[in-house]
Amino acid sequence: MNIKTYSTLTKQKVIIITAPSGSGKSTLIKKLMAQVPQLAFSISACTRIARQGEQNGVDYHFISLETFKEHIKNDDFLEWEMVYEGKYYGTLKSEMQRIWAQAKTPLVDIDVKGALKVKDQFKENALSIFIQAPSIDVLKQRLEHRNTDSAESIQERLNKAHYELSFANQFNQILINDQLEIASQQLVEIVKKFLSL
């Protein structure tokens, strides 16, 4: 990709949403997308295996580790990270271009480190939102109720959540997801205000 072209495109707006696992981010994003039609979901690339019900090119671009590393070598990513041991996630620059070509604003749903990297590249053209559960105890309950992870995996996610929370104040907005409908309404208002600027 031509660097000049891409740096010109970074003058376009982008919405960045991040949260510790189990904070209710996915539910809030679905509600947001339904109410703000000018947004388009940026589909991340990842090396993990698709979970039941997930579709390639819809939920994620599921790619092999070899392909992912080839993309890194070719500077195809806006950001990438090894989020969990051996599991890579990244945002392809081509995803941004695909969405801007539709005259829409990309919504990027990524981990904290990746979110800060994207925020740094887009500066004032990025709205970065950190979603968090009311407490770590609530987060633990939500992860256990999902019934998709082992006790070891839940502990790994909780350890990561503690770490991620330390970055919350580096985001434009912190949204506490205590009551879903209230948090959803707040998120829609924050995003609409940014898009109207």
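Biologist: What should I know before I start?

Modeller: The model is predicted, so local features need pLDDT of at least 70 and side-chain atom pairs count only at pLDDT 80 or more, while totals for chains, interfaces and linings use all residues. Residues are numbered from 1 along each chain as its sequence is written, and side-chain values use heavy atoms, with hydrogens and water left out.

Biologist: Where is S21 found?

Modeller: Helices (H or I, at least four residues) and strands (E, at least two) are DSSP runs, numbered from the N terminus. S21 is in the loop between β1 (14-18) and α2 (25-35).

Biologist: Is S21 buried or exposed?

Modeller: Buried means under 20% relative accessible area, exposed means over 50%, and partly exposed is in between (1.4 Å probe, protein chains only). S21 has a relative accessible area of 17%, so S21 is buried.

Biologist: Which residues does S21 touch?

Modeller: A contact means heavy atoms within 4.5 Å. Not counting residues up to four places away in sequence, S21 touches Y84, L139, L143, R146, R157 and E164.

Biologist: Which side chains make a polar contact with the side chain of S21?

Modeller: A polar contact is a pair of N or O atoms within 3.5 Å; within protein, one must be able to donate a hydrogen and the other to accept it, and residues adjacent in sequence count only if both atoms are side-chain atoms. The side chain of S21 has such a contact with that of R146 at 3.2 Å, and another with that of R157 at 2.9 Å.

Biologist: How many salt bridges does the structure hold?

Modeller: A salt bridge is a side-chain nitrogen of Lys or Arg within 4 Å of a carboxyl oxygen of Asp or Glu. The structure holds 11. R146 and R157 belong to a network of salt bridges with D149. Elsewhere, E181 bridges to K31, with the closest N and O atoms 3.0 Å apart. That pair links distant parts of the chain, since E181 is in helix α8 (residues 180-196) and K31 in helix α2, 150 residues apart. K31 is partly exposed, at 25% relative accessibility.

Biologist: How is a pair of aromatic rings described?

Modeller: By the distance of the centres and the angle of the planes. Rings of Phe, Tyr and Trp (its six-membered ring) pair if their centres lie within 6.5 Å; planes under 30 degrees apart count as stacked, over 60 as edge-to-face and the rest as tilted. A search of the whole structure finds eight aromatic pairs. One of them is Y60 with Y89, edge-to-face, at 5.8 Å centre to centre and 70° between the planes. Y60 lies in the loop between β3 (45-46) and β4 (61-62) and Y89 in strand β6 (residues 87-92), so the pair ties together parts 29 residues apart in sequence. Y60 is partly exposed at 21%, whereas Y89 is buried at 15%.

Biologist: Which residues is R48 in contact with?

Modeller: Leaving aside neighbours within four places in sequence, R48 is in contact with E54, Y60, F62, K87 and Y89. R48 lies in the loop between β3 and β4 and counts as buried, at 9% relative accessibility. The R48 side chain makes polar contacts with the side chains of E54, at 2.9 Å, and Y89, at 2.9 Å.
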